[in-house]
Amino acid sequence: MKKFTFAAIAAVSAVMMFACGNGTPKANLKSDVDTVSYAIGMAQTQGLKDYLVGRLGIDTTYMDDFIKGLNEGANAGDDKKKAAYYAGIQIGQQISNQMVKGINHELFGDDSTKTISLKNFMAGFVAGTTGKGGLMTVDSAQQVAQDMMRTIKAKSMEKEFGPNKEAGEKYLAANAKKEGVKTFEDGVQYKVIKEGTGALPKDTSLVKVHYEGKTIDGKVFDSSYERGKPAEFRANQVIKGWTEALVHMPAGSIWEVYIPQELAYGERQQGADIKPFSALIFKIELIEVDGKK
């Protein structure tokens with residue numbers, strides 16, 4: 001059967017019979033067009049209930065109310081005033097059921113006791129939509145939102161994963177006193193396993209490396225050695241601690257590098273093994289710089 005769309009249905013909508021109210025419209029199949037209209041309407045409901053429940057969060061207890069809204073929307077035709085109202089209802093529900101929940105999870109993780117202010121969210125949303133009475137421009141709001149979300153999220157994550165940060169600081173403090181370990185000004189530590197004599201990378205250099213990454217408790221989370229193939233990238237396309245080490249390593253060197261959490265992934269979690277605020281350890285073997293050993 002050909003897959004119909006709402007655009008296709010519009011061609012026969014003029015002859016479709018809808019009854020107003022909360023209930024199911026009564027079918028009256030007197031002609032082929034009546035019958036195809038009914039069949040198309042029925043066919044379009046495939047998977048609808050799952051969509052309503054799974055995507056829109058509709059409680060099936062209130063299906064009569066859904067049908068009421070459905071009938072009103074279908075009978076609104078090209079009434080621009082009603083169309084605008086229904087669009088507002090739809091977007092408002094998306095704000096409630098999706099946007100706010102997503103933002104709360106982004107900011108506060110699984111802490112369900114915290115939430116953004118819906119009142120202030122809506123004040124900003126309406127001002128941005130109408131272009132009237134805004135306390136900031138849309139462009140500046142984007143930057144403010146990004147900066148403040150980062151700050152709030154970091155505080156929330158630090159509360160939950162603070163022990164990781166403390167463990168990393170304690171580890172690095174003890175590690176700095178070990179024989180052969182040196183420290184750069186930004187806090188990155190390293191120990192030379194093999195000193196190379198090749199080219200020294202710039203931060204824009206293309207480097208070829210073998211590496212193994214571990215958490216401070218010794219768990220390996222990534223290894224190019226295991227994959228059997230070196231990695232290639234620009235020295236400035238990795239975490240800051242890596243870049244700091246690479247621009248001081250002559251090609252041919254093998255270092256063990258100890259990276260503070262703020263120069264690794266900070267408050268971000270990477271996969272299952274790298275928790276927020278984790279200090280990391282890497283064995284880095286610099287094979288080539290810009291194609292030269």
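The side chain of Ser278 reaches the backbone oxygen of Lys275 at 2.6 Å, a polar contact being a pair of N or O atoms within 3.5 Å in which, within protein, one must be able to donate a hydrogen and the other to accept it, residues adjacent in sequence counting only if both atoms are side-chain atoms. The model is predicted, so local features need pLDDT of at least 70 and side-chain atom pairs count only at pLDDT 80 or more, while totals for chains, interfaces and linings use all residues. Residues are numbered from 1 along each chain as its sequence is written, and side-chain values use heavy atoms, with hydrogens and water left out.

Ser278 lies in the loop between β6 (254-259) and β7 (280-289); strands (E, at least two residues) and helices (H or I, at least four) are DSSP runs numbered from the N terminus. With a relative accessible area of 12%, Ser278 is buried, a term that means under 20% relative accessible area, as against over 50% for exposed and partly exposed in between (1.4 Å probe, protein chains only). Residues up to four places away in sequence aside, Ser278 touches Asn164, Gln261, Ala264 and Gly266, where contact means heavy atoms within 4.5 Å.

Phe282 is placed in strand β7 and is buried, its relative accessible area being 4%. Not counting residues up to four places away in sequence, its contacts include Tyr211, Phe221, Ile239, Trp242 and Trp255. The C-alpha atoms of Phe282 and Val209, 73 residues apart along the chain, are separated by 12 Å.

Helix α5 (residues 80-108) has 29 residues and should span 42 Å, which agrees with the 40 Å between its end C-alpha atoms; the expected span is 1.5 Å times one less than the number of residues. A kink of about 40° is centred on Ile95, the bend at a residue being the angle between axes fitted to the seven residues ending there and the seven starting there. At the N-terminal end, Asp79 caps α5 through a side-chain oxygen 3.0 Å from the backbone nitrogen of Lys81. Just after the helix, Gly109 takes a positive phi of about 65°.

The buried residues of α5 are Ile95, Val100, Asn104, Leu107 and Phe108, and they pack against α6 (118-130) and α7 (138-175). Helices α5 and α7 pack at an angle of about 60°, with their axes 7 Å apart. The two helices are therefore oblique, the class left after roughly parallel (under 35 degrees), roughly antiparallel (over 145) and roughly perpendicular (65 to 115). Axes are lines fitted to C-alpha atoms, for helices over the stretch in contact, and angles run from 0 to 180 degrees between N-to-C directions. Glu106, Leu107 and Phe108 in α5 meet Met149, Ile152, Lys153 and Ser156 in α7.
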